[in-house]
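Biologist: Could you show me how to read a helix and a cavity in a model?
Modeller: Gladly; here it is.

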Amino acid sequence: MKVTDHFKNANGKTLFTFEILPPLKGENLHTLYSHIDPLMEFNPPFIDVTYHREEYIYKQRENGLLEKRSTRKRPGTVGICAALQSHYKVDTVPHLICGGFNKEETENALIDLHFLGIDNVLVLRGDCVKSEARFVPEPGGHNYASELIEQVVGMNNGVYLDDEQANTNGTDFCIGVAGYPEKHFEAPNMRMDLRWLKRKVELGADYIVTQMFFDNQKYFDFVKLCRQEGIEVPIIPGLKPLTTKTQLSLLPSLFHIDLPCELAEAVEACADNKAAAEVGVEWAIKQSKELMEFGVPCLHYYSMGKSGSVRKVAEALF
């Protein structure tokens with residue numbers, strides 16, 4: 001079922017969903033199940049599965065020269081989605097990124113997803129390779145998420161790369177995109193960031209999932225600005241309970257977000273990570289309750305592959 005259909009069927013009730021990371025290469029799928037199992041009693045209608053683009057490593061040859069090699073540390077998003085749908089009878093939302101794929105590889109991935117009965121994709125540009133200062137598309141690939149949306153919408157309309165292909169059947173993907181309550185770090189200002197977001201919706205995006213935030217007012221302001229811009233699709237808040245003291249500096253650095261003074265000072269005063277995680281859970285519960293009162297269609301939690309804190313939040317709410 002499509003994400004947007006789940007919202008319609010909920011009749012105004014706020015749903016619980018979460019995002020997982022694919023296991024590292026060589027890890028067992030049952031380890032992933034052990035993190036998901038504790039969350040399934042809260043009846044998530046869908047689970048997001050991230051995709052991590054390739055990284056580059058350097059291996060030293062016998063002659064002393066370095067050889068650059070591409071590696072994917074967390075492969076298998078398509079296979080994991082299929083496994084989760086079969087194992088849990090739940091819809092999945094694979095992340096689809098520009099980085100590391102050309103258009104033909106993207107088309108083949110979409111065909112596989114369609115054959116597997118996966119009805120949703122979250123379309124993202126993706127991050128640049130760590131060794132590069134800016135995003136560089138794959139030769140024959142997409143520069144922007146908007147271009148990737150156009151390809152997905154084209155396939156929904158039966159348009160494939162081979163324009164001479166006859167009797168094509170259209171796919172029927174529900175398309176999600178990312179939104180940034182604190183502005184995408186590459187955007188020059190919020191107004192232009194919203195303009196680009198509106199363009200994605202005009203191209204065919206069906207809903208928006210936000211970057212994590214810890215101040216609900218930023219989400220409320222973001223929704224208001226989106227509506228003023230004419231963006232009317234559902235806007236799902238993305239949340240993450242803080243779990244360690246080091247995340248005070250790590251999360252702002254990685255995700256270009258601010259942490260409220262009250263939260264930062266409370267975590268900083270904690271004696272250890274156990275106490276910090278308790279603060280993080282209480283903050284996330286408070287955030288979630290306020291968002292539910294606001295009437296959000298869904299609370300979407302970034303689990304980062306660990307279910308403990310997310311489960312504690314869900315137990316208090318669902």
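Predicted model: local features only at pLDDT ≥ 70, side-chain atom pairs only at ≥ 80, totals over all residues.

Modeller: Residues are numbered from 1 along each chain as its sequence is written, and side-chain values use heavy atoms, with hydrogens and water left out.

Biologist: Which residues of α4 are buried?
Modeller: An α-helix has 3.6 residues a turn, so residues three or four places apart point the same way. Helices here are DSSP runs (H or I, at least four residues; strands are E, at least two), numbered from the N terminus. In α4, residues 103-115, the buried ones (under 20% relative accessible area, 1.4 Å probe, protein chains only) are T106, E107, A109, L110 and L113. They lie on the same side of α4 because they cover an arc of only 160 degrees around the axis, taken from the directions from the helix axis to the C-beta atoms. E104 and F115, on the other side of α4, are exposed, meaning over 50%.

Biologist: What do the buried residues of α4 pack against?
Modeller: They pack against α3, β5, β6 and α5; contact means heavy atoms within 4.5 Å.

Biologist: And how many cavities are there of 30 Å³ or more?
Modeller: A cavity is a set of points on a 1 Å grid over the protein atoms alone where a 1.4 Å probe fits but cannot get out; lining residues have an atom within 4 Å of a point. The count is 1. The largest cavity holds about 40 Å³, the space filled by probe spheres set on the points, which are joined across faces, edges and corners. Helix α2 gives the largest share of its lining, 3 residues.

Notes:
1 Å grid on protein atoms, 1.4 Å probe; cavity = no way out; pocket = protein on both sides within 12 Å on 5 of 7 lines; lining within 4 Å. Expected span 1.5 Å × (residues − 1).
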